Amino acid sequence: MRLNTLRSKMVVFLVVLLGIIQIGVFTLVNSATTRAARIKIDDELVVGEKVFASELNQNAERLAQAATVLASDFAFREAIATGDHGTMDSALENHGARVKAAAVLFVNLQGVVIDDTLRRGAESRPFEYPSLIERAKNAGRATAIELLDEQVLQLVAVPVQAPLTIGWIVIGFPVDQLLATELRNITGLQVSFVTEDKGLWHIQASTLDEDLSRALAARLPPYDEALRTRVLAMPEQHQLRVVPIGDSGEQHFVAVLQRPINDAMGSFRALSAKLVAMGVLSLLLLIGGSILIAVGITRPIDALLQAVRRIRRGDYSMPIDMHRGDEIGILAQGLDHMRAGIAEREQQILKLAYEDSLTQLPNRSQFGERLQREILLAAAEQRTLSIFVMDLDRFKFVNDTLGHSVGDHVLSEVAARLRNLMSEGDCVARLGGDEFAVLMLTGEQERSVDLARSIITALEQPIDFAGQPLDVGASIGIALYPAHASDAQTLLRNADIAMYVAKRNRTGYTIYDPRYDTSQQEHLSLLGELRRAVEQNELRLYYQPKVTLSSAGIHAAEALIRWVHPVRGLVPPGLFIPFAEHTGYIKMLTRWVLTEAIRQCGVWLRQQMHIEISVNLSARDLMTRDLPELISGLLAEHEVPAGMICLEITESGFMEDPTHAQRVLDRLSAIGLRLSIDDYGTGYSSLSYIMKLPVNELKIDRAFVSNMSEDADMMTIVRSTIELGHNLGLKVVAEGIEDSKAYALLRGLGCDFAQGYYISPPMAAEALPDWLNGSVTMRRPPRALLEAAQAESLSPSGDETILSAAS
Amino acid sequence: MRAGIALLLCAASGLAQGADLRMTVSDGSNQPVADAIVYATALNPPAPVEHKASIDQVNRRFVPRVSVIQTGTAVTFPNSDNIRHSVYSFSRPRTFTLKLYAGTPASPVVFDQPGIVVLGCNIHDTMVAWVLVVDTAFFARTAADGSASLPGLPPGDYLLRAWNNSMSDEQPGEALHVGSEALSPRHLHVDGQALEVQP
């Protein structure tokens, strides 16, 4: 039993409490009984003393009566009164024997001993104790204990009357063992007759045994002190009384009444022993009882404790079954309610944590855990796995334009279709948004591709919503275990990368290839280096001029970021921009680009160069809440009118979240910024949607422009786009112009601006003024450009503007 | 008994030619002593005379309690009580025991030796009587004032003595010469007051 448990505390407390009470009671009773015992012995001794004195008196009285009777015997008197010595002698002896006297004396009226049975034939002598005779004269008789001829005798003096008193008969009775024994029998006390002579005690008779008698004689203090003595160690403690019974000159006669204290204490000792036994018994009973009670209380508490431990371990399955009417029962009930509640809530939480509530598919967490488990199993069994990450195309658009309920319907339907395609053991999950994942318990590439194709086919079927067919496609990235990664996280990431590749290339599905991705390590170092690049000013902005086709004047340029790596040299944007977009670092880059571009614009403005600068914004940038404020701040700082800055946004940039994009674009437009739709024609954005946006220009994707000289369809697209833009009141920019033919064609089609290597590759800011002046040899300095244009085109245009612009 | 004493006195007064002696008896503290016996014994005593006297027992008492008799007097002990008595004497002049009896015993006790005789009853310890046996006919009992007289003492030499029952022995006495002339009063002493034995 540990000492800090409730049970042991209760038991110890009760036992100590009772122990104290017991000891207290015992001490009280013991001291009371001891005191009572001593008082009792004392009382007994006092009573004994009184009884003794009374008995001694009565004895004397009896003896005196016997003596009186003897002395009044007629013949005895006759013998005394008339007889001679011999007759008297024999009479004294004869009659003395009748009363068992030790000595009989006849004392005449003159106090002379006439005859004496002790000293027959001796000289007559005065009687030794005349006071006895004197007392007898007055009282008729007298007794005293005196020493006579070395014997302690109870002397009785009675007159001899003939009929007048003619003398005194003194009869001596022995004070001896017999008397002592008689007195002991009556008083219940040990009786000793002791004489004291010159400080020495002599035991005359005693009921004590020899040893004690000797001890008594040896240990009794001197006479006066002895009379006051109450307790004597001999060596055992005796309580005693020393009762004087007579004096004889120097000698004292006493009776010692005594009793061993232990005798009297006997009954009290027995009581004490019983008390101790009772105390021990009750203590044992209490220990037992309190253990029972404690166990009665603590056993259910132990049960509760165990239940609590189970709950703490997360085991909620076992109900706390305790039907008691007391507080513990109520507590148990409460605990059980708690247990049930926790269990229920845990189920809910688990469901929330591991299951997507819309599709009832496992969520990302569950999928991740499942994947990890399967990887462990597969590793152990040398099996292969494959996972898909699938993203719906155009889902954002559906969701935003038709509402969330439609979006939810689409997701549920997709989930249902996916579920139908799964084989036994495969797992499909919704990772979030419109992203799904599939786990196949095989890593065979063929089977994976088969499944991917089945999925794509299944999703090509339009989804019906209230009679309206909705068209959503999907891009799938496939990663194989262990070929592409050995851990769940990397495997997922690689599938993700593959999915992005599939999406970009519109191939439906793509199997991961390490080429799609620099290694994790490289990514991390790239991120670090990119940070350093911003901090250490390794980034540059290059500017690619936009030519106004009607005048061949240069009024605008597109700012393009360049990274001059101290080791790698010039890093092309294609190597780090997608990565920056992926990690979100693009926001920092955009901020830097905006700052630099606006600053540069300001610089040129103060040099009287009115170059409108275009900056590319990514979809993520549009998510930045404070983008308009940031730009207004920069414009104000560098004293640049908002109209000098144009923001180029790709179609996909606002298709991800059209509502939000519209809001941001509205705000940017309100500032006075010009907005341009980049890469127009590659996305699926509807014109009706674009018409709602506050854009100023369309930028035809380079894919159309670079191929239009050879491809009539492309030519048609370019032409209709230009017409469309103009009809909507937008300027149209063509990029990717690589030869004079395209330049001339565009000019002929009425395109507003042209940009491309044919005109100029991007150049550093410092190079631009010289390029404009024509002092630097570039591929197409403005003047040459003008001339070439004039040569190839039949339609002339205002020359001066170019010149003035170049100046 | 009183008749007996009267008889004695008559006998004494019969010798009318003698001188009268008047006396008083007092004790040590000069108090007169009643019931003391005064007696004058002739130095040449006459032969004992046969007299008769009686000591009765009435209500467990001897009556009279103190008697004086001339040597040779026969005393009877009639018993007037309806219980029996056993009269005894351990006194030297005359030791006797009368066995339990009622009425008057057949034979009287003759006191033929002078001296003091103390009588008791063996049954009743409180009964005591004194009998003074004297060798003379001249004796008297003092009155309450301690006075007594011995009338008609014949001339001659006498030994004059006084006694009462508190005394266990007779006194030596004093010489008395009776001549022709009148006798002057004498003053005698006894040891103490007469004993009254408590019942």
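Guide: We can start with A:S386, which touches A:V438, A:L439, A:M440, A:T442, A:G443, A:S448, A:A479 and A:L480, leaving aside residues up to four places away in sequence. The model is a predicted one. A:S386 itself sits in strand β12 (residues 385-392) of chain A.

Visitor: Why is A:S386 called buried?

Guide: The label buried requires under 20% relative accessible area. A:S386 has 0% relative accessibility, so A:S386 counts as buried.

Visitor: What makes the approach of the side chain of A:S386 to the backbone oxygen of A:T442 a polar contact?

Guide: The cut-off for a pair of N or O atoms is 3.5 Å. The side chain of A:S386 reaches that backbone oxygen of A:T442 at 3.0 Å, so the distance is within the cut-off.

Visitor: Why are A:R141 and A:E61 said to form a salt bridge?

Guide: A side-chain nitrogen of Lys or Arg has to be within 4 Å of a carboxyl oxygen of Asp or Glu. For A:R141 and A:E61 the N to O distance is 2.4 Å, so the pair meets the rule. A:R141 lies in the loop between α4 (130-139) and β4 (142-148) of chain A, and A:E61 in helix α1 (residues 6-71) of chain A, so the pair ties together parts that are 80 residues apart in sequence.

Visitor: Are A:R141 and A:E61 buried, exposed or partly exposed, and how do you know?

Guide: Partly exposed is what lies between buried, under 20%, and exposed, over 50%. A:R141 has a relative accessible area of 26%, so A:R141 is partly exposed. A:E61, at 37%, counts as partly exposed too.

Visitor: What makes A:D197 and A:K198 a salt bridge?

Guide: Their N to O distance is 3.7 Å, and the limit is 4 Å, so the pair qualifies. A:D197 has a relative accessible area of 21% and is therefore partly exposed. A:K198, with 68%, is over the 50% mark and so is exposed.

Visitor: How do you know that A:R599 and A:E596 are separated by about one helical turn?

Guide: A:R599 and A:E596 are 3 residues apart in helix α17 (residues 586-606) of chain A, so about one helical turn separates them. Their side chains meet in a salt bridge with an N to O distance of 2.7 Å. A:R599 is partly exposed, with a relative accessible area of 32%. Elsewhere, salt bridges that share partners join residues into one network, among them A:K546, A:E558 and A:R702. Over all chains, the count comes to 32 salt bridges.

Visitor: How many salt bridges are there between chain A and chain B?

Guide: The count is 0. The rule does find 2 residue pairs in polar contact across this interface. Helix α2 (residues 74-82) of chain A gives the most to the side that touches chain B, with 5 residues. By class, that side of chain A has 5 nonpolar, 3 polar and 2 charged residues.

Visitor: How much area do chain A and chain B bury between them?

Guide: They bury about 990 Å², with 65% of it on carbon and sulfur atoms. A:F74, A:P163 and A:L164 lose the most area on the chain A side, together 54% of what that side buries.

Methods:
Residues numbered from 1 in each chain as written. Chains lettered and ligands numbered in written order. Predicted model: local features only at pLDDT ≥ 70, side-chain atom pairs only at ≥ 80, totals over all residues. Heavy atoms only, no water. Buried area = accessible area lost by both parts, 1.4 Å probe. Polar contact = N/O pair within 3.5 Å; in protein donor to acceptor, adjacent residues only side chain to side chain. Helix = DSSP H or I, 4+ residues; strand = E, 2+ residues; numbered from the N terminus. Nonpolar A, V, L, I, M, F, W, Y, C, P; charged D, E, K, R; others polar. Buried < 20%, exposed > 50% of the residue type's maximum accessible area, 1.4 Å probe, protein only. Contact = heavy atoms within 4.5 Å.
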